[in-house]
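Dear colleague,

Please find the structure below, with the sequence alongside it. The notes that follow set out what was found, and I would be grateful if you would read them with the model open.

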Amino acid sequence: MDSVVSDAARSVVYPFVEAEEDLKAWQTDRTRAPVATKIVVAGGFGVGKTTLVTTVSEITPLQTEALMTEASEEHDDLTATPAKTTTTVAMDFGRLTLDEDLVLYLFGTPGQERFWFMWDDLVRGAIGAVVLADTRRLKDCFPALDYFESCGVPYVVAVNHFDGSELFEPDDVREALTVPQHIPVMIMDARRRISAIETLLALVGHALDETEE
Ligand SMILES: Nc1nc2c(ncn2[C@@H]2O[C@H](COP(=O)(O)OP(=O)(O)OP(=O)(O)O)[C@@H](O)[C@H]2O)c(=O)[nH]1
Ligand SMILES: [Mg+2]
């Protein structure tokens, strides 16, 4: 399978590698088994988690979408996403080969509060998480930020920019959410593959930085 990683992107995935001659033999051995990494995509209700996993997955993603009915009207605010008809009730699952020896397994969390009890299981063994945010409902991502801060899993904040919503600078979002300086904050579009892959690369780079310490 062709690698989706450009030379520039490779420097994000392998940030410590300066030049080819500095590589150890095991690093250039392309016959070894790929490293499988688990990444979690979290965030508030309807922020675009399922969309992101579906956009980047090279396999048909596993989805657990259930039709939304009038029964959940009082709980699930659809003002920002009126076209939304389904919601994730367990998880999303997809796979992305970043390089011949680096495979990401993506797990999307359910967004609704009543399913948060599943997060501990979904997050077990993950190298990091993408916390998706929507600037029209920033407070919805606080539980995810708190969760990853408290359990020490590296995370990045990705604003999924919805058409028609005001476009903010990453620094404005960082300030509004009081995200520490060393944590990447980016603006992206969960419907665009390149944009979503850039977000995942930023997370992998950040997770490597964090585990290096
Ligand atoms: N305009 C726009 N719509 C988007 C974007 N991302 C997602 N959507 C739409 O927003 C809705 C919500 O997307 P989902 O991917 O289901 O959100 P989710 O976070 O998985 O939702 P839950 O699992 O129910 O919490 C869907 O109708 C998507 O088509 C985006 O970047 N721009
Ligand atoms: Mg979903």
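A residue is called buried here if 20 or more other C-beta atoms lie within 10 Å of its own, exposed if 12 or fewer do, and partly exposed in between, with C-beta atoms placed from the backbone. Helices (DSSP H or I, at least four residues) and strands (DSSP E, at least two) are runs numbered from the N terminus. This is a predicted model, in which local features need pLDDT of at least 70 and side-chain atom pairs count only at pLDDT 80 or more, while totals for chains, interfaces and linings use all residues. Residues are numbered from 1 along each chain as its sequence is written, and chains are lettered from A and ligands numbered from 1 in the order in which they are written.

Overall composition

The protein contains seven helices and eight strands. Of its 213 residues, 33% are buried. Two residues are taken to be in contact if their C-beta atoms, placed from the backbone, lie within 7 Å. Among contacts between residues at least 6 apart in sequence, 73% join residues at least 24 apart.

Helix α3 (49-56) is mostly covered, with six of its eight residues buried. These are K49, T50, L52, V53, T55 and V56.

A residue is counted as near the ligand if its C-beta atom, placed from the backbone, lies within 6 Å of it. The shell around ligand 1 holds 20 residues, of which G48, T50, T51, T88 and G111 come nearest. Helix α3 and strand β3 (86-88) each supply at least two residues of this shell, and the largest share, three residues, comes from α3. For the classes, Ala, Val, Leu, Ile, Met, Phe, Trp, Tyr, Cys and Pro count as nonpolar, Asp, Glu, Lys and Arg as charged, and the others, Gly among them, as polar. On that basis the shell has six nonpolar, nine polar and five charged residues.

V204 counts as buried because it has 23 C-beta neighbours inside 10 Å. Its C-alpha atom is separated by 7.9 Å from that of I127, although V204 and I127 are 77 residues apart along the chain.

In helix α5 (residues 142-151), A144, L145, Y147 and F148 are buried. Viewed down the axis of α5, these buried residues fall within an arc of 160°, so they line one face of the helix; the arc is that of the directions from the helix axis to the C-beta atoms. On the other side of α5, D146 and S150 are exposed. The buried residues of α5 are covered by elements including β1 (35-43), α4 (119-123), β6 (128-133), β7 (155-160) and α6 (170-177). After α5 comes G152, which has a positive phi near 75°.

A129 is located in strand β6. It is buried, with 29 other C-beta atoms within 10 Å. Leaving aside neighbours within four places in sequence, A129 is in contact with I39, V40, A42, F148, V153 and Y155. A129 and L106 lie 23 residues apart in sequence and 9.4 Å apart in space, C-alpha to C-alpha.

Two loop residues

E166 lies in the loop between β7 and α6. E166 is exposed, having 9 other C-beta atoms within 10 Å.

T178 is found in the loop between α6 and β8 (185-188). T178 counts as exposed, with 8 C-beta neighbours inside 10 Å. Its phi is positive, about 45°, although T178 is not a glycine. Most residues other than glycine have a negative phi.

With kind regards
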